Amino acid sequence: MSANLYTRLAEGFPGDRSAAVFIFADGSELSYGALETQVSHAAALLVARGVEPGDRVALQVEKSPQAVVIYLAALKAGAVFLPLNIAYTPAEVDYFLRDAEPKVFIQDAPGFVEEAAGVAPLDEAVARGPDDLASIIYTSGTTGRSKGAMLTHAALLDNARSLHAIWGFTPSDVLLHALPIFHVHGLFVAMHCAFLSGCPMIWLPRFNDAEVLAGLSRATVMMGVPTFYTRLLANPQFTREAASGVRVFISGSAPLLESTFAEFEQRTGKRILERYGMSEAAIITSNPLDGARLAGSVGFPLPGVALRIDGEGTGVIQIKGPSVFKGYWRMPEKTAEEFTADGYFITGDVGRQDEDGRVWISGRAKDLIISGGYNVYPKEIELVLDEAPGVIESAVIGVPHPDFGEAVVAVVMGQGVEAELIAAARTKLAAYKTPKRIVFVDELPRNAMGKVQKNLLRERFADVLAG
Ligand code: AMP
């Protein structure tokens, strides 16, 4: 049996192919049958353009149903799908194209799909083995060269099936999809759950308050990054009533603030289900659908995922399991560095696992601050600052310091008096952990997935302790 991911996903499509796969904001729909037909034509056009099994197909386009058609067509044609963030500059794209050497690079999804309509369809998916590549996802890499995580057909299918099961997806679900689709969250995690259950997606090109609120009246599941939830909470029209039809709100790609979790529960009576994942392994841990979801914890390792902490208590999280990537594209040395001798992937995230097995993440290893020889975990300080009145969110960074090597500085979104906030933090934190300076800003810099870009903060505030 072919392990082609498209074939396996399509087994979940509804028997009645006239059922909708996409529901658009204007109320119009596209059916599973129409999607399937367009995929067959687009796959044929890829083959006609010379795409052979294992060739890369790169796509840099706005989010659209046609982009999804091309993703699925690439799988069906046996190609390796390479999505690129629309925000990448030509120089960045140039790097990806040189590195991945795609056979085809598409920048006009509607045009491609329209042209494909004139080509005789490819009916049978090209046979692929479980270990063949389905996709390469370039990591957002804030330092050094961006690395292409190689994901196989079997790895993506395994993760999709796990999530479909643990999050209780059924054909009667309606998934609200407002995420970008150049990233694993919107591309794999969300869409594969919908495909495997044959359910429709309310398809929004981006997060827009009014459209999301309208979509929630029909949706049963929403997946989002934490900023989606903070934006919803900032809107008074997001009420208990507005959230009442949704059976689960799922969050990931960046840490969910405990205050967001609490405010969301207060407003809607529902607890956000937080999960943790990364490009290299799709989803790794999840809070339970049934059972306690705890603020600040990313839940339990998925079935089949072996997770361990390197060190006593808190340390770098290592994982092994069927959904872990095969390595970095054309970087065997980098790949070898990031796996242990016994085959665990070193995630680069620091965390701990409690006696119940729940995982608590305290940040990226590269954000760890070493001040005067002591390790300082930014999260511990952020949790203290975030409790103070006037603080919406804080980001703690290490900046160069003549005596300590690095010293703790906090960048706070919100308002307050620096000296007072430092004094209040000092009552709860040892001196070496207490910020030497607190800078107030209106907004923290974030990437498209809502992650705070601490590398930018480190650059911007590098001199804050000087003089
Ligand atoms: P990416 O490869 O772009 O998906 O980024 C993966 C990284 O996002 C992980 O290694 C984590 O640092 C972070 N991340 C994802 N989900 C969570 C979460 N729920 N809580 C904290 N960090 C997260």
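Ala, Val, Leu, Ile, Met, Phe, Trp, Tyr, Cys and Pro count here as nonpolar, Asp, Glu, Lys and Arg as charged, and the others, Gly among them, as polar. With those classes, the shell around the ligand has five nonpolar, four polar and five charged residues.

This is a predicted model, where local features need pLDDT of at least 70 and side-chain atom pairs count only at pLDDT 80 or more, while totals for chains, interfaces and linings use all residues. Residues are numbered from 1 along each chain as its sequence is written, and side-chain values use heavy atoms, leaving out hydrogens and water.

**Around the ligand**

The ligand is surrounded by 14 residues, and the closest are Glu274, Arg275, Ser279, Asp349 and Lys451; a residue is near if one of its heavy atoms lies within 4 Å. Strand E12 (residues 273-278) gives the most to this shell, with five residues; strands are DSSP runs of E, at least two residues, and helices runs of H or I, at least four, numbered from the N terminus.

Here are some polar contacts, meaning pairs of N or O atoms within 3.5 Å:

| Residue | Protein atom | Ligand atom | Distance |
|---|---|---|---|
| His183 | side-chain N or O | oxygen | 3.0 Å |
| Ser253 | backbone N or O | nitrogen | 3.2 Å |
| Arg364 | polar side-chain atom | oxygen | 2.9 Å |

Taken alone, the ligand exposes 500 Å², and the protein buries 92% of that (Shrake-Rupley method, 1.4 Å probe).

**Helix H6**

The buried residues of H6 are His153, Ala155, Leu156, Leu157, Asn159, Ala160, Ser162 and Leu163, where buried means under 20% relative accessible area (1.4 Å probe, protein chains only). Just after H6, Gly168 takes a positive phi of about 65 degrees.

Key: Buried < 20%, exposed > 50% of the residue type's maximum accessible area, 1.4 Å probe, protein only. Polar contact = N/O pair within 3.5 Å; in protein donor to acceptor, adjacent residues only side chain to side chain.
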